[in-house]
Amino acid sequence: PAITRDVSLAVKKDVPYQEIRDIARERGGDILKDIMFVELYLGEKIPPGTRGLVFSLIYRSETRTLTEDEVNQVHQSILQALTTRLDAVIR
């Protein structure tokens, strides 16, 4: 079965969504099966010069059932890379 985790973050407006996808794919390894865009937010709760993005990460193995711990570890690795490399802020 698949495990889905939603991510909401604020990034600079000039960061392309493809760069976010590329970082997630790089860190997600073979258990990250899909990245689905959910929403773009440009409201007053977002700092000037940034935009809010929401997307879902879908984790699944073709050969076994994933544990929460291994999904959490990969998911945290993705979030850390996004915050470090893109100066993104998790919302």
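Is Glu 68 buried, partly exposed or exposed, and what is its relative accessible area? Glu 68 is partly exposed, with a relative accessible area of 46%; buried means under 20%, exposed over 50%, and partly exposed in between, with a 1.4 Å probe and protein chains only.

The structure is a predicted model, in which local features need pLDDT of at least 70 and side-chain atom pairs count only at pLDDT 80 or more, while totals for chains, interfaces and linings use all residues. Residues are numbered from 1 along each chain as its sequence is written, and side-chain values use heavy atoms, with hydrogens and water left out.

## Salt bridges

A salt bridge is taken as a side-chain nitrogen of Lys or Arg within 4 Å of a carboxyl oxygen of Asp or Glu. By this rule the model contains six salt bridges. Three of them are listed here.

| Pair | N to O distance |
|---|---|
| Arg 5 and Glu 68 | 2.6 Å |
| Lys 33 and Glu 62 | 3.9 Å |
| Glu 70 and Arg 64 | 2.8 Å |

Glu 68 forms its salt bridge with Arg 5 at 2.6 Å, N to O. This pair links distant parts of the chain, with Arg 5 in strand β1 and Glu 68 in helix α2, 63 residues apart. Helices (H or I, at least four residues) and strands (E, at least two) are DSSP runs, numbered from the N terminus. Arg 5 is buried, at a relative accessible area of 18%.

The salt bridge of Lys 33 with Glu 62 has an N to O distance of 3.9 Å. It too links distant parts of the chain: Lys 33 belongs to strand β2 and Glu 62 to the loop between β3 and α2, 29 residues apart. Lys 33 counts as partly exposed at 30% relative accessibility, and Glu 62 is exposed, with a relative accessible area of 60%. Salt bridges that share partners join Lys 33, Arg 60 and Glu 62 into one network.

Helix α1 covers residues 17-28, and its 12 residues should span 16 Å at 1.5 Å a residue; the end C-alpha atoms are 16 Å apart, which agrees. The expected span of a helix is 1.5 Å times one less than its number of residues. The buried residues of α1 are Tyr 17, Ile 20, Ile 23, Ala 24 and Gly 28. Seen down the helix axis, these buried residues fall within an arc of 125°, so they line one face of α1; the arc is that of the directions from the helix axis to the C-beta atoms. Their cover includes β1 (3-12), β2 (32-41), β3 (50-59) and α2 (68-86), where contact means heavy atoms within 4.5 Å. After α1 comes Gly 29, whose phi is positive, near 60°.

Tyr 17, in helix α1, counts as buried at 18% relative accessibility. Not counting residues up to four places away in sequence, Tyr 17 touches Ile 35, Met 36, Phe 37, Arg 51, Leu 53 and Phe 55. Tyr 17 and Leu 53 are 36 residues apart in sequence, yet their C-alpha atoms are 8.7 Å apart in space.

Val 15 is placed in the loop between β1 and α1 and is buried, with a relative accessible area of 9%. With residues up to four places away in sequence left aside, Val 15 touches Ile 20, Arg 51 and Leu 86.

The 19 residues of α2 should span 27 Å at 1.5 Å a residue; the end C-alpha atoms are 26 Å apart, which agrees. The buried residues of α2 are Val 71, Val 74, His 75, Ser 77, Ile 78, Leu 79, Ala 81, Leu 82 and Leu 86. These buried residues pack against β1, α1, β2, β3 and β4.

Asp 87 lies in the loop between α2 and β4 (89-90). Just after α2, Asp 87 takes a positive phi of about 55°, in a residue other than glycine.

## A nonpolar surface patch

Phe 37 lies in strand β2 and counts as partly exposed at 45% relative accessibility. Phe 37, Leu 40 and Leu 42 form a nonpolar patch on the surface, with about 310 Å² of accessible area together. Patches are made of residues with over 30% relative accessible area and no salt bridge, with like charges joined within 9 Å and nonpolar side chains (Val, Leu, Ile, Met, Phe, Trp, Tyr) within 5 Å. Accessible areas come from the Shrake-Rupley method with a 1.4 Å probe; for residues, only the protein chains shown count as cover.
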